[in-house]
Amino acid sequence: MKNRRLLINLVLLAAAMLAQFAVATATHPRSTTPTKFKVRVENISSRDGQTASDGTRWPFALSPGLWVLNAKKAGLFTEGRAASKGLESQAEDGDPSGLVGLLMMGHHASSMHGVFNTPLGMMGPGPIRPGDKYEFSFTASPGMRLTMTMMNGQSNDEFYAPDEKGIALFDAKGIPVSGDITDKMILWDAGTEVNEELGVGPNQGPRQKGVNTGPAEHGVVTRAKGEAIYTKNRELFRVTITLESGM
């Protein structure tokens, strides 16, 4: 009789523990499966352009860029320190290839980074002007973060990127994130070339005689808070991340 009662109690205890585990699993699901993401960068600025102090109208544009996945910092730049030559090329000339070279020298897996440089519907690489967009896809696992770099095309050495930590692709429960991440992007000054007024400077992309031709600044990477467009991301561009099926 005692053995039967003990067996019943053990069965009831096991059932209770299984129920608690089921509730915990339902409440705190955690994905361990790699997830495929798609990122879209859209230039939504006015086709009438921006206006310089002398009345000159100029279009906002974003250059080809780089995306990087990492579990910690991507290591592309450090606020308050001098920019690398790779970042200088990205920020001054819209060329991400130097940053790719730095990643490869650091043995960063080729599947964990890539260049986006061809606007949708275009035949070849180029910037995105008002109405244009880039798209790129990648596969990431829980714990990974996304970093992106793009030049502010009508500047001397400004670029958009998230902070040094990057953008979390999964929440604390391991669930992949999606939606609008525009506000995660920050306008940075690489500190490599002397700044001129946006959109009219003779040493800026559309008007300079060649790459890397403006006067050197010998500064450090800082947030470009002095620019009027610093807080106007949502008027100029939109970055969204979505989950792709098929994984």
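## Aromatic pairs

Rings of Phe, Tyr and Trp (its six-membered ring) pair if their centres lie within 6.5 Å; planes under 30 degrees apart count as stacked, over 60 as edge-to-face and the rest as tilted. In this predicted model, local features need pLDDT of at least 70, side-chain atom pairs count only at pLDDT 80 or more, and totals for chains, interfaces and linings use all residues. Residues are numbered from 1 along each chain as its sequence is written, and side-chain values use heavy atoms, leaving out hydrogens and water.

The ring rule gives 13 aromatic pairs. One of them, F77 with F159, is edge-to-face, at 5.3 Å centre to centre and 75 degrees between the planes. This pair links distant parts of the chain, 82 residues apart. F77 lies in the loop between β4 (62-70) and α2 (85-93), and F159 in strand β8 (residues 158-161). Helices (H or I, at least four residues) and strands (E, at least two) are DSSP runs, numbered from the N terminus.

F77 is buried, with a relative accessible area of 9%. F159 is buried too, at 0%. Buried means under 20% relative accessible area, exposed over 50%, partly exposed in between (1.4 Å probe, protein chains only).

## A ring cluster

Ring pairs also join F37, W67, F116, Y134, F136, F138 and F170 into a cluster.

T149 sits in strand β7 (residues 145-152). T149 is buried, with a relative accessible area of 0%.

Contact means heavy atoms within 4.5 Å. Leaving aside neighbours within four places in sequence, T149 is in contact with P64, G65, L66, L76, Q90, L99, F116, Y160 and A161.
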